[in-house]
Amino acid sequence: MHKVLQKRKEQQKQLVELAKSYAQALNKQLGGPVTAILTGSVARGDFNLHSDIDVLVVSAKLPADPLERSKLLYSVAPPRVEPKGFCPEEFQAFKSKNNPLITDALSYGIPLNED
């Protein structure tokens with residue numbers, strides 16, 4: 001493999017590991033279970049130095065209030081991680097409406113945990 005491609009794959013691997021660490025920390029914070037999927041440019045491999053790390057999170061334990069949900073999701077997020085949280089019902093509703101974030105995550109997303 002060309003050195004540039006090897007470097008790119010290594011960079012992607014490091015960002016995936018950062019996202020996995022976030023998913024583990026969030027799972028611990030919520031007391032499980034959490035489904036986390038890496039999506040966006042990092043998952044596709046077309047990220048750049050300034051790209052954020054988009055993580056789609058699904059958990060029944062997320063707060064219903066949007067501000068409280070955001071506060072919780074960001075409380076354990078390292079720099080660059082951009083979580084987007086859904087309860088299972090919201091996830092299914094958006095999935096049935098072909099929401100681009102959900103369809104992208106299901107098409108090329110990288111699962112970050114076992115759930």
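Contact here means heavy atoms within 4.5 Å. Helices (H or I, at least four residues) and strands (E, at least two) are DSSP runs, numbered from the N terminus. The model is a predicted one, in which local features need pLDDT of at least 70 and side-chain atom pairs count only at pLDDT 80 or more, while totals for chains, interfaces and linings use all residues. Residues are numbered from 1 along each chain as its sequence is written, and side-chain values use heavy atoms, with hydrogens and water left out.

Start with the sheet. It is open, has 4 strands in the order β3-β2-β1-β4, and its pairing is mixed; two strands pair if DSSP finds at least two bridges between them. β3 (81-86) and β4 (110-111) are the edge strands, each with a single partner, so one side of each has no neighbour in the sheet. Strand β1 (residues 35-39) runs antiparallel to β4, and 2 bridges join them. Leu38 has Ile110 in β4 as its bridge partner.

Two helices pack on this sheet. Axes are lines fitted to C-alpha atoms, for helices over the stretch in contact, and angles run from 0 to 180 degrees between N-to-C directions. Helix α1 (residues 3-30) touches β1, β2 (53-58), β3 and β4, and its direction makes about 30 degrees with that of β2. Helix α5 (residues 100-108) also touches β1, β2, β3 and β4, but its direction makes about 90 degrees with that of β1.

Helix α1 also meets another helix. The axes of α1 and helix α3 (residues 66-75) lie 9 Å apart, at an angle of about 125 degrees. This makes α1 oblique to α3 (angles under 35 degrees count as roughly parallel, over 145 as roughly antiparallel, 65 to 115 as roughly perpendicular and the rest as oblique). Tyr22, Leu26, Gln29 and Leu30 of α1 make the contact with Leu72, Leu73 and Ser75 of α3.

Which residues of α3 are buried? They are Arg69, Leu72 and Leu73, where buried means under 20% relative accessible area, exposed over 50% and partly exposed in between (1.4 Å probe, protein chains only). These residues cover an arc of only 95 degrees around the axis, which puts them on the same side of α3; the arc is that of the directions from the helix axis to the C-beta atoms. An α-helix has 3.6 residues a turn, so residues three or four places apart point the same way. The buried residues of α3 pack against α1, β2, β3 and α4 (88-96). The face turned away from the buried side of α3 carries the exposed residues Leu67 and Lys71.
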